[in-house]
Structures are given as C-alpha cells and as structure tokens.
Amino acid sequence: MVKIIVCIKQVPDPKEFSKITIDPLRKTIVREGIQSIINPLDKHALEEALRIREKHGGRVVVLSMGPPQAIEACREALAFGADEAFLLCDRLLAGSDTLATAYALSKAVRRLKPYSLILCGNETVDGSTGQVPPQLAEFLEIPHVTRVRRIEIGEDEAVVESMLEYGYRVVKVKLPAVLSVVKEINTPRILSVFGIIEASSKKINQWCVSDIDASIDMVGLEGSPTRVTDVFTPEVKRRCEVFSGPVEEAVGKAMRRLHEIGVF
Amino acid sequence: MPGEVWVYAECRSGRLMDVSIELIGGGRRIADKIKAQLASIILTDNVGYLANDLISYGVDKVYTVEHPLLKLYQSDLYTDIICKAVLQYSPEILLIGATSIGMDLAPRVAARLKTGLSAHVVGLDVDEYGVLKQIVPGFGGGVMAVVTCPKAKPQMATVRPGVLAKPEKTIRRGEIISIKAEISEEMIKARTLEIIEEKPLGKPLEEAEIVVGVGLGGCKPDTFNLIKELAETLGAAIGGTRPAVDEGYIKEDQMIGQSGKTVRPKIHIALGASGAMQYMVGVMDSKTIIAVNKDPNAPIFKMCDVGIVGDLNDVLPRLIEEIKKLRKN
C-alpha cells in the first residue's frame with residue numbers, strides 16, 4: 001500500500017437533531033449550538049484504513065471538506081492514528097451539492113497522488129445520500145463499491161463484500177478504488193490519550209480552491225445542478241387520542257375507540 | 001413532444017424489483033402530466049417476458065440491453081450502457097429505485113452525465129414546466145427539502161421502496177427497442193463475482209397489512225416475547241427502530257425509517273418507540289398508527305391516532321387478550 005485516503009465529514013450530532021429548526025423566512029436550516037462530530041460511518045472508514053496500514057503498511061491520509069471548524073474533525077482523525085490531514089476549506093465551496101463536492105474532492109485527491117485506496121463512510125447522517133463516494137470515483141475514473149462490509153486486500157486488487165437488502169455481493173475490484181463502508185465492517189477503536197498528544201504535533205494542511213486547481217464554475221452553488229427550493233418540517237396530522245390510567249381501563253378504552261373508528 | 005420519462009427497471013435473478021414497478025406507477029402520472037412517453041430501460045442476460053411485463057405495468061416503451069455479462073450487476077458496464085442510452089435518446093427524467101444496487105449505480109450515472117440527483121426521494125411531483133419537484137428527507141427525517149434540477153438533464157432521482165403504490169397490470173401495447181451496446185470483459189474494473197441471497201425472515205414488511213414496530217422500550221427478552229405473541233395474534237410483520245437493530249432484537253432488513261424501510265400498512269403499532277423523526281418518516285403513510293409507551297411525554301403520542309400510556313409488560317398481555325376476544329366475535 002502506498003497511501004490510503006480516508007474522506008471524512010464533520011456533521012451535526014444526530015443525538016441533537018431534534019434541536020434543528022428552520023428559519024421560516026429565509027428558508028434555511030438553523031443548527032446553531034449543536035455539537036459537531038465526525039460522521040459515524042467515516043470513523044469506520046478510518047478504522048479500516050488503520051487496520052489495512054497495520055497489515056500492509058502505507059500512510060493514512062485524511063481528507064475533509066468543510067468550514068474552518070472542520071479542523072477539529074481532522075484533529076480527531078489524527079488522534080485516532082491518521083498520519084496526515086488535509087482540509088479543503090473555501091467560501092467558494094459553500095452550497096456544493098454531491099456532484100460539486102465530489103468534483104472538489106477529486107481535485108484534492110489528484111494532488112495527493114499516488115494512492116492505493118480511498119475509503120469513505122457509506123453515507124453521512126445529515127444528508128444521507130451516499131452519493132459522494134461513487135461520484136468521487138467517477139471523477140477520478142476509478143472503480144467504486146458501496147455498502148462494503150469486508151475488505152480483503154490483494155496485489156493490485158481487492159475482494160470485497162457489498163451488502164444487499166437480503167444477502168451480499170462479492171466484488172473483485174481493481175485498485176485504486178473508492179470503497180464506501182457500512183458499520184458492520186469493524187468496531188472503531190477508542191481514542192487514546194497518547195493519540196491525542198501525538199495528534200497535536202501532526203500537520204493539518206488547509207487548501208483552498210486555487211490550491212487544488214479546481215474550476216470555479218464547477219464548485220459551490222455554481223457547480224451544483226440541484227437547487228433546494230423549499231425546506232419544511234414534516235407535518236403529522238393524526239387523532240392523537242391518548243389513554244392512560246390503570247392498564248385495564250386504558251387498554252379497554254383504546255380498544256373501544258379503535259373499534260369505533262373501524263380499525264379493529 | 002417533450003423528452004421521455006425513464007424508469008430504470010432493476011432486475012435481480014431474473015425478477016423485477018418491486019420498487020421498479022412502483023416507479024412505473026409514479027412515472028406514468030408524471031409522464032401524463034407533461035404529456036411525455038414513459039419508458040423503461042432494462043439490462044439483463046435474458047429479457048424474456050420482462051419487457052412485456054413492464055409494458056403491462058404501464059410503460060409505452062422498453063429499451064432492452066441483453067448480454068451474458070449483464071447477468072449480475074456490474075457498476076462499470078451498467079453505468080456505461082445507461083449513460084450512452086441517455087445520450088442517444090435524451091430522456092427528460094430518469095428515476096431509479098433507491099435499492100442497495102440503485103444507490104450504487106445512480107450517483108455514478110449522474111456524475112458521468114454531469115446532472116443532478118436527489119437521493120431517497122419520498123415524494124415526487126412535476127410542475128407545468130416539466131420541472132421535477134423531489135421531496136427528500138434530511139437530518140434523520142426531521143427536515144424535508146424540495147429539490148429541483150432546473151437546467152441539467154435528465155432530472156434524476158432515486159426513490160425509496162414503498163413510497164409509490166404498485167400499479168396493477170393491464171393489457172396494453174408498447175414498443176420494445178433492443179439497444180446494441182458495446183460490451184466487453186475489459187470494461188469491468190469492479191467485477192461482481194457472485195450474489196449471495198439470504199431469504200428474509202417471515203412476511204416481508206412492505207407487504208404486511210399490519211406492522212408491529214419495536215423501539216428501544218421493547219428490547220427486553222420478556223417484552224420482546226410478548227411483542228412476538230401480539231404479532232402472531234394479528235398476523236403482523238415485525239419491524240423496528242435503529243436502536244432495536246443495534247440491540248440485536250431485529251435484523252437490519254427489518255429496520256424502518258430514514259435509513260431503513262418505508263412501510264404503509266393499514267395498521268402500524270409502535271411499541272416502546274419514542275417517535276424520533278428518523279423512525280416516523282418510515283411509518284408516516286400508515287393508515288392508522290397505534291402507540292404504546294410508558295412515557296406520557298413521548299413525542300410518538302403527538303404523531304399517533306390512538307395511544308396507550310403504560311408499561312409494555314402490562315399493556316401487551318391485556319391488548320393480546322382483547323384482540324383475541326374481538327377476533328372470536
């Protein structure tokens with residue numbers, strides 16, 4: 001292995017998703033005061049990279065794209081054991097959809113050549129599209145496999161298992177490739193104090209759009225074919241008839257009501 | 001005449017995936033609204049009667065690509081063939097089922113065509129200008145966004161299984177067009193060697209009329225046994241929340257919600273589920289939602305039709321008894 005690139009994203013903590021609100025006038029999502037974390041599946045990708053490094057050697061390089069505070073996610077990845085981190089951070093990247101994001105990441109990856117493997121989490125908890133890894137592979141003109149739960153590294157190829165709804169696919173993929181992993185692949189290690197100390201001396205490189213030679217019209221809102229035209233909170237219209245009190249009574253009343261409205 | 005509306009007909013082991021058939025129903029509505037033709041594209045080693053099936057479900061045209069190498073899903077080949085067909089026939093819209101394979105294929109196709117793609121769409125409509133309005137859930141389903149792709153073509157979306165109703169078969173005529181694609185072994189860089197299928201346990205969630213949903217509150221051995229008894233009494237399928245999967249009480253393919261399945265049964269009974277949006281987006285279309293939870297302040301009670309506040313271990317035996325009584329009469 002020459003180099004394993006792990007793509008990570010800083011996301012709002014799903015435990016605090018209930019605090020997310022919508023600004024009704026500006027139609028934007030308000031997520032102030034919500035804790036940020038490394039996207040959970042990206043930690044599995046990082047863990048897999050560290051395990052591959054232990055077995056096959058090479059360097060683990062973390063690549064992220066986001067606002068300046070995403071540097072914390074990079075720092076944490078270094079504390080887990082990554083060798084080096086790169087943060088793609090530029091106002092021009094704001095508003096990028098998956099296509100523009102994948103393009104920008106691909107330009108950064110090209111600067112990190114040569115590499116043997118790119119690992120990503122299968123999807124992030126915020127958007128949950130799972131689109132960036134295959135799209136990154138397409139921009140790099142290398143193969144991809146999604147929903148990977150097992151990786152066996154060979155000479156210049158890998159044999160992986162990709163989860164299906166019922167069962168799985170066995171895929172032999174030429175390297176370099178983009179593999180996006182699911183949580184079944186491993187159990188991420190616990191952050192160690194030594195890791196945290198060591199991370200403070202490792203380098204986090206920051207790149208802007210001009211550093212990666214990306215066309216300005218292919219990133220950010222300009223480079224994004226999709227538009228968000230509205231955001232709203234799903235409305236739930238239900239009867240909400242709730243029965244409490246002694247169990248027998250509550251169940252009895254609920255059943256009678258269900259009978260009246262023709263359910264049972 | 002506007003460009004066609006395309007539905008990717010995903011087939012595994014010679015069978016069409018349900019979501020592809022559902023998409024024909026949804027695609028038909030959209031095509032009629034913009035006065036376009038509805039077509040399917042199918043890639044397989046043996047089309048057989050599948051093209052006629054697609055027509056009877058409602059498409060006007062079927063583009064078929066047949067080759068032994070297409071027996072199993074191969075991301076490179078499938079991407080290449082679909083992209084070339086899109087460039088040749090210029091469809092206005094391309095819909096793909098958000099299955100594991102659909103989600104592997106669609107992003108790559110969209111990236112090659114440099115067009116937009118919305119993921120896991122839960123609602124679809126088209127305006128008078130032919131702009132596809134796609135409703136996508138974000139942040140675990142607590143927020144919905146309307147996404148459009150106003151300029152690039154085709155407008156692409158992956159649609160979650162169960163979101164659209166499956167159309168009935170009717171006797172109708174359609175055109176079958178065989179596409180001659182350039183296919184060779186060398187084009188495959190990620191080769192699917194085999195697909196190992198594992199049979200789902202019991203009745204598939206999506207087809208059940210009654211679905212019992214297990215939340216964290218139901219994740220104790222005794223409680224879970226009562227839940228199973230209730231499900232048996234009702235002939236219901238069992239699904240549940242992400243925490244119930246993590247606790248090992250139900251399997252991944254029984255997971256309902258944002259990252260799992262969408263169900264639309266006549267009756268959904270949520271047992272010990274708090275009502276997190278991640279879960280609720282998957283059951284929102286149920287006709288009736290019944291909830292049992294011991295926390296009177298659980299959000300689920302604001303999202304159900306009938307709720308019972310109580311401990312599952314106390315409520316379930318009574319509920320089972322009452323239902324059995326009712327069934328006897």
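What percentage of the 329 residues in chain B do buried residues make up? The answer is 58%. A residue is buried when 20 or more other C-beta atoms, placed from the backbone, lie within 10 Å of its own.

1. **Basis.** This is a predicted model, in which local features need pLDDT of at least 70, side-chain atom pairs count only at pLDDT 80 or more, and totals for chains, interfaces and linings use all residues. Residues are numbered from 1 along each chain as its sequence is written, while chains are lettered from A and ligands numbered from 1 in the order in which they are written.

2. **Chain B overall.** Chain B has eight helices and 18 strands. These are DSSP runs numbered from the N terminus: H or I of at least four residues for helices, E of at least two for strands. The radius of gyration of chain B, taken over C-alpha atoms, is 22 Å, close to the 20 Å of the globule rule for 329 residues, so chain B is as compact as a globular protein of that length. That rule is 2.2 Å times the number of residues to the power 0.38. Along the principal axes, the C-alpha atoms of chain B fill a box of roughly 65 × 45 × 40 Å.

3. **Contacts in chain B.** Two residues are in contact if their C-beta atoms, placed from the backbone, lie within 7 Å. Of the contacts in chain B with a separation of 6 or more, 67% join residues 24 or more positions apart.

4. **Helix α2 of chain B.** This helix covers residues 50-57, and its buried residues include B:Ala51, B:Leu54 and B:Tyr57. Among the elements covering the buried residues of α2(B) are α1 (18-33) and β4 (38-44) of chain B. B:Gly58 follows α2(B), with a positive phi near 135°.

5. **The interface.** Chain A and chain B each give 68 residues to the contact. On the side of chain A, the elements supplying at least two residues each include α3 (98-111), β14 (227-232) and α6 (247-260). The residues on that side divide into 38 nonpolar, 15 polar and 15 charged. Here Ala, Val, Leu, Ile, Met, Phe, Trp, Tyr, Cys and Pro count as nonpolar, Asp, Glu, Lys and Arg as charged, and the others, Gly among them, as polar.

6. β14(A) runs antiparallel to β10 of chain B (residues 143-148), joined by five bridges. Strands pair if DSSP finds at least two bridges between them. A:Arg227 stands opposite B:Thr148 in β10(B).

7. **A residue of chain A.** Beyond its neighbours within four places in sequence, A:Ala177 contacts residues including A:Leu117, A:Pro143 and B:Ala190.

Notes. A residue is buried if 20 or more other C-beta atoms lie within 10 Å of its own, exposed if 12 or fewer, and partly exposed in between; C-beta atoms are placed from the backbone.
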